[in-house]
Structures are given as C-alpha cells and as structure tokens.
Amino acid sequence: MIDNHDSTDRKRTPGTTRRTFIKQTVGFTFAIGAGGYISVFGAQSQDSAPAGSKAEPLQANIWVTINPDDTIVIKFAGTEMGQGSMTHVPMMLAEHLKADWDKVQVDIVKVNDPAFGNPIFQNMLYTAGSTHVMIYGVKMRVAGTQARKLLKLAVAKHWDVDFSELSTEPGLVIHTASGRRISYGDIVAQVDIPHEIPEVDESDFIPETEFRYIGKQVMRRDVPAKTNGTALYGMDVQVPNMAYASILRAPVEDEKPLQVNDSLAKQVNGVTDIVVLPYGVAVVGSTVEATQKGKRILEVTWSETSVFRGISSATSIAEYSSSARDLNTDAVAWSSLGDAKGTLAQASEIVDALYTTEPAYHAQMEPMSATASVSDDGKSAEIWVGTQTQSLTIIGSAEALETDPANITLHPLTMGGGFGRRSRLRQHYVDDALFVSRELKRPIKVIWSREDDLKSGYFRTAVAQYMRGAFDEDGKLIAVQHRVAAPAILPTMNKHRWAVNKPKDVITMLGSENRTYDIPNHLAEHILQQRCCRVIAFRGVGTGYTKFAMECFIDELAESKKIDPLEFRLELCHNNPRMSTLLKTVAEMADWDTKRDAGIGLGLALSGYHKSLSAGVVELSVEPDSGRINVLKFWAVGDPGYVVAPRNTEAQLMGNIIFGLSSTLMERIQIENGVVQQSNFHDYPIMRMNEVPAIETRVLSTDNASSGVGELGMAMVAPAISNAIASLTGKRIRHQPMTPDIVSAALRG
Amino acid sequence: MELKFHIVSRTNTTHEIMISFIVNGTNVKVDAEPDAPLLWVLREHLKLTGTKFGCGMGQCGACMVHIEGKTGYSCLTPVSAVAGKSVTTIEGLAPDSQHPLQKAWVELEVPQCGYCQSGQIMRAAELLNKNKHPSREEVIKHMSTNLCRCGTYPTIIKAIQLAAREA
C-alpha cells in the first residue's frame, strides 16, 4: 500500500517548475532506484498553475520534504520505545542534508510501504533487533546527500555557476565567489528544481569532521513531553464515543469459555455490554473501573482441554536438557565452521557442560493496550496502539478482520517499553479491540491489567544448552559444539517471515554463532522442542541465553587448562582487535589483576549483538546459606562502531546492565499445568533503585559503521555473575536465573 | 496543564454521585462511584493522562500523585477519599512544567521509554519539598518505591541532585 501523499496536499516534486503543478493523487509516489532516478508510478494529471501562485513544498525524495519557510519534514520508519531512534535516525538525514535540526519536524510513517521498509525484515516497518541505526543510517546518509545535491544543482543552474563552486552551510547554499547565498526554503520557493534525483557517491558525503549532530550531544526530541505528562502512549488515547473493555482470558492457552454467567457483572454501574470471544469474555462499559469490577465477578467455565494443561516449565526444561545432551537427536545447523562433530569425535578429552534457562517476562512498565474503531460493515478499522511494527500491525489486523490491509488506518503511538513484547504479527490486545469494536460498532479501548499482562503474557523462552569442547595436543581450543534445545519462536511471531527463513530461527538462535573467538571448528545447532509457554523475542533475543552458555563455557574451558579467563579470551581474540580492546579496557577499569579480599570474586564475560560489541566484569560476594548474591560493582564497556548519540549510548548500556542484573538475580516465570504462576510485581519483582549496585560504563566510538545500542551489554551480565561465583566458590551455577534458592542449592550440591 | 473549567463527567448510572475535589488548583466535580480508583478518574474521566497505570497494586509507583502535598498511589486511592482535598498531577506540578526537577530531567535526558517518569518526578518533588538537600542515600531510600524497567535510576539520582542544587 503506497500512500505518501494526501490527495489534497499539493507538493512540488523534481520535474516541476514554479508554474506547473503535478496534481497528487493517492498512489503517486517516488522511489529512489539504484541509479538515483525517479520512478514515478500511479495516476497523475497535470494542471497549469494560475499566474502568481504560491510556492509549494519540495519533496526531494521519499524521506524528506523542504518547505518554502525553511522548515523540513523527515520521515521516521520506526517507532520509539525509549531507544532514541526517533531522534537519532532522522537526525542523520538532517546532518547529511546540512539542515538546521531545529527546523526539522519528524513524521512517523504510518503505512505499510515497503519503500520505507527494513530489508532484514522483508521490507517491513519493524523496529526490533537493534537494526534501525545500522540499516537506516545508510539510507539517511544517501537521502540527505541526494537532497542537498539536488538543491545545489538547482542553484547552480539558477545562478549559472559551476556546481563545484557551490558549498553548503546549515540551511544555506552559498556561492563564495560572488558572495551570494540562498536558504533552502527560498530555493524551494523561487528556483526551478531539476527532474532527476541525483546519484551520489562517497565524494558527495560530508566528512565526519564536519558533523554537527552525529556523535554530539543532541537532545532527544521525546524527552520534554515525557517529563510533563503530555507524551501520548497507547493507553492514553481518547476517541469520541469510546467505550472501555476489560477481557477475562482463559487461564490456560487455547481454552475457550464454555459457560458464562454474567448476571452480576451486568449489574455493575457503568457496565454496558458483555461480549463473548473465542478465548475470553469482554466486559464493556463507560468507565475503566466498571469493566474491571465486572470482569472480577464474571463466572466462567473454561474448556479445560488444552494440551498446555499438561505442561510445566520445570518438566519442559528437564526434557529440553535430555534432548540437548542426546547427540542423536535431529538438529538444524544454525552456523557451521569446519567440522566440530568430527573433531570432537576424535578428541581424547572433551569438556562438556549443560546450561538451563527459565522463561522470563519483559516487565515493560506500560501493560498492553489498544484502541480500535471498526466500521459498521466490519471491513475497515482505525487503530491506535503502541507497536514496534507498523507493517505487522496493519497486516495482522487485516487478518483478524479478514479484510484488505488497505482498509486499516493505523496511528502508531510511543510505547511504555517494548523489549520485543510488541513485535508480533498478531497482537492479541489489538485483536481484542478489533473484535469487540466490530461487535458493538463503536470505538473500544482495551486495557490489560498487569495480571493479564503476566498470565497471558508472551515470554523469553525456556532453553537447555549443551556445550562440548576439545583442545589439541598443544592446548589450543579447536572445537566447540553448541547445542540449543528450545522451541522455535519466529514461526509463532510472524509466519510470513518464518516461511522465508525456516528452518533457521534467528530469534531462538541469535548469538550461538561464533564471530568472536578463533575456534577452527564450531557448530551451533537447534534441537527443536515444544514450547511450554507463549514465546516471543525478548531484549537480546537469543543472545540472552546463548552468550550465557558460551561465556560460562569459555571460563570452564579456561579453568580446565588452569588459564586465567581474561588471558584465555585474549588469546582466542588474537585476530579480533575490536574485542581485544574491549577486554583490555574493561580489565583495566576493573583492576582485573588486583586480588580482592577474601569472599569477593571477579567474573568476566563478553557479548556481541550484530556488530555492536561489549565486555563486562562483575565484582561480587555470595552468602552460601541464603544463596544471596551481592553485586558490589559492574564495569561495562561497549563498542557500537561510530557512536551517533553519546549520551543515549551510555544510557542504553547502563539500562542494559540493570536489565541484565534484574533478570539474572530476581526474575523467573514458572508455568504449572499450563498456568503462569506469577501475576504482578509482588511475585515477579524487578530491580528497584536501592538494589542497583555501582555500575561504571564506558563507550568507545570506533571507526566502524554505526550499529545499534538498544541491546548492548545485556547478555554479558549473567555469565559474568556465574563466572565470578565459580571463581569465588569453585561451584558453577549453570542456570538462569541465579535466584537465592538456585544459588544455595548449587553451592550445597 | 491548567484546567480552567468546571468538569463534569457522566457514567451510565441510574443515579448521580458527584464527588468534588481540587485538581491542579481547579475545582472539579466528577460523577463516579465512590470506590472508583482516583487513577482512572484522573485519566479517563478528567482526561489527565499524564498519570500512568502500571500495576494497580501500589508496587510500581507509576500512578503517583500528590494528595494534600504528599505522594499517594492513585491506583489504590478511592476517589471518595479525596473529596474536598487537593490533588496535584504531573500536569500541574509547576507552571509551564518548569519545576527544577522537570528542567533537570530534560537537561540530563533522563527518560528512555518515559512511562514511569511522571510517577518518578512526583515522588522526587515530595522529597525536595521535605528535604532541600537530600544525600544520595536519602534520595535512593525515598525513590525506591518507583520502578523503572529501562534502568534510568542512576540518571534519576543525578537529576534530583541537580535540581536540589539549582532550586
């Protein structure tokens, strides 16, 4: 669906003169082809302009529009959930356009237009996996440079000077020789713009030395509104004639309401309707509190036939563990270098270890919510929701209503935390709002309680990982096999993407590939398991547990040869200079070589997420009787390539360490007989301010392409802690989380 | 945000129960059940959506407002409990939202997703009202009622200390 233009919005585009206007109709857009030439498609008609008409804005390319008054609109193809991309990515275009950032307005793309899509995600608009800066940064540089070149070409012709004699300063094109200057807005108002979007190459790009925004402190645009109550989250939407809905959901996945007694619920003041859905019962009313009250006094008999009734997370993890250990199971290779199996088969000695991981909850601060207004014929809808993906929400909603995606109008709103939770094709809170609105023919705002968010949540999966390694006669590590027994997550999130990528599941397996160490034979394989709960991407996706296994195992391998873990890693990173630098830096920050007092241990781990790298050291003590871990300090260093936003990068690294500490020390989701045992923050506690240890972070900006920071450092926290405990006590805790009960049992055993 | 008008909201009731109180300096009358949580009255009856819903059980602090100058969990406070009382929300904390805390929050770029920050700021404002120069330990002890999943805690501490210096 292509809809960059309102049909009433008359914009100038390359190819028009001041006196000729191309009338825009829906379906008319530009794409920047490989050669930078305009592809124009869709209906268009030409009107001749009346004499003396006003200047129109210039849409220089699909990303940027320059207005005659010098203001600029830049499109943002992602959504904001606290990671900062909504400021930093458009800012990169402004940098290369040499625009005045204060004159820029950011406009979120609200449609499923592949021209704005991310090629990693089949050209969908999808903000996940820390990919936005990495992928769109390149597009922003090209688009900004093209627009700047277009303006210069126009001025060169207009002033009849050579293109090479023109330069730009923020918002201005300048001809030094004659002293003339003209603002971008005046160019748009007064100058003929050439037909073609110009090709650009390296020679056209602004050098880093001229950057005014990239790499500097630029305030995030969303910050002021988030300090004064005006930022609009999904749950904040107010739509005329809106009613509220609270949904009582089946306690076990896949179960249905068989009998509903709503007589008491209907009597609650403010309750107006009860809608029975295939998976639950919606209480609808004129106030939130009435619907919540009504929901509490519904009496529902559920079907109790779900296969999930027989499933518990503890039993599943035991099954995953058996499968992981059983070398004869089927497995799908995720990444393979050399011949790990063969080398291990011939090794005289093998080091092996099994690691287990329990499910975990995103615990984003804003529970799920969506508002939908479905047309009377049930075939189109307007939706307001905080989502990580404009595309999947549009497609998924169309699926839910069995209608065409072109009939969905989406208002993507900022999110009170995403962390992967809002990234699914079918988002059940959106489905809730659509189904109830369709039934009642009015706008419906659905608000999930925190209990709903947990009991019907989608989680970081449970996993078992079996690691095997071998050395050669010279003591060099020559083979590692990394077996990941876990469900496939991607097919449950987005069947379309799975169809393209199967049987490789990036959500489950990410991080099990080895791009860090020089190990000549390495195999990472996926042993497919049945899921024990609803599963979805979690902050860090697979790295959250694949790096746990690998980084604990590296320490175990080092220990088997009585080598210091830092030294062991440096040797294995001898041809990985970026990682070597990080290891040395964090070791220096943490005084790695200084022996600590009795009872205090250090642990080291590293992690890579796409091209962003990090290393960390933890200093801790542990109480053996209670199993309580006291983290005294955590040092973290990150290298995300050329740093786009220094302050935000530090904040993301810090946030990731706290997230990792909380997750490792405090958090688990337990499923018993298909029912999630946790319900709110009293039984799923997350880290409070008074529980945060001293954390020291450092960010290294390096001469590499800029890559993401939203998941930087998360995955190294758990293995650093396990490694520290092992160094201190001699006992390895090969489990996530390391709650006191787990730790004390491991230290006793 | 200043409420300049008398607010009346209606629910689907057979009888009217009007509860009067003061929000951000303005008299309001709402038609709500006496046990309606203040949180939803503020957010959905009065459309002051700056106060957030996080847990509904007083565990996260996202819903914090000032009731007669002290922080309270609006999710746990029935609206009848504030009858005749003065309530302050994030929107009314300071004219033009230029409270020293809000200025410090912006200067240090505290919010990430931002959802917890209304509650954080209201809680911090109570601290600085009572204690103009809190120690780091006093800040941490006071603020630990408020959860932040994005991990902005260290910057919150710095922002409170900055606001205390600048106030």
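1. Basis. The model is predicted, and local features are reported at pLDDT of at least 70, side-chain atom pairs count only at pLDDT 80 or more, and totals for chains, interfaces and linings use all residues. Residues are numbered from 1 along each chain as its sequence is written, chains are lettered from A and ligands numbered from 1 in the order in which they are written, and side-chain values use heavy atoms, with hydrogens and water left out.

2. Extent of the interface. Chain B places 55 residues in contact with 66 residues of chain A, where contact means heavy atoms within 4.5 Å. The buried area between the two chains is about 4700 Å², with carbon and sulfur atoms giving 58% of it; buried area is the accessible area (1.4 Å probe) that two parts lose on being put together, summed over both. On the side of chain B, the residues that lose the most area to chain A are B:Glu109, B:Gln112 and B:Arg149, which together account for 19% of what that side buries.

3. Six salt bridges are counted between chain B and chain A, a salt bridge being a side-chain nitrogen of Lys or Arg within 4 Å of a carboxyl oxygen of Asp or Glu. In one of these, the side chain of B:Arg149 meets that of A:Glu667 at 2.7 Å, N to O. The side of chain B that touches chain A divides into 25 nonpolar, 20 polar and 10 charged residues, with Ala, Val, Leu, Ile, Met, Phe, Trp, Tyr, Cys and Pro counted as nonpolar, Asp, Glu, Lys and Arg as charged, and the others, Gly among them, as polar.

4. Largest pocket. The space in the largest pocket is about 670 Å³, a volume being the space filled by probe spheres set on grid points joined across faces, edges and corners. On a 1 Å grid over the protein atoms alone, a pocket is an open set of points where a 1.4 Å probe fits, with protein on both sides within 12 Å along at least five of seven lines, and lining residues have an atom within 4 Å of a point. The lining has 47 residues, and A:Ala128, A:Gly129, A:Ser130, A:Thr131 and A:Glu711 lie nearest the centre. By class the lining comprises 22 nonpolar, 22 polar and three charged residues.

5. A salt bridge within chain A. Over all chains the structure holds 40 salt bridges. In the one between A:Lys75 and A:Asp107, the closest N and O atoms are 3.4 Å apart. A:Lys75 lies in strand 7 (residues 72–76) and A:Asp107 in strand 8 (residues 104–108) of chain A, so the pair ties together parts that are 32 residues apart in sequence; helices (H or I, at least four residues) and strands (E, at least two) are DSSP runs, numbered from the N terminus.

6. Backbone features worth checking. The peptide bond joining A:Lys502 and A:Pro503 is cis, with omega about 5 degrees, and A:Pro503 is placed in the loop between helix 12 (495–501) and helix 13 of chain A. A cis bond also runs from A:Gln736 to A:Pro737, with omega near 10 degrees. A:His610, although not a glycine, has a positive phi of about 45 degrees.
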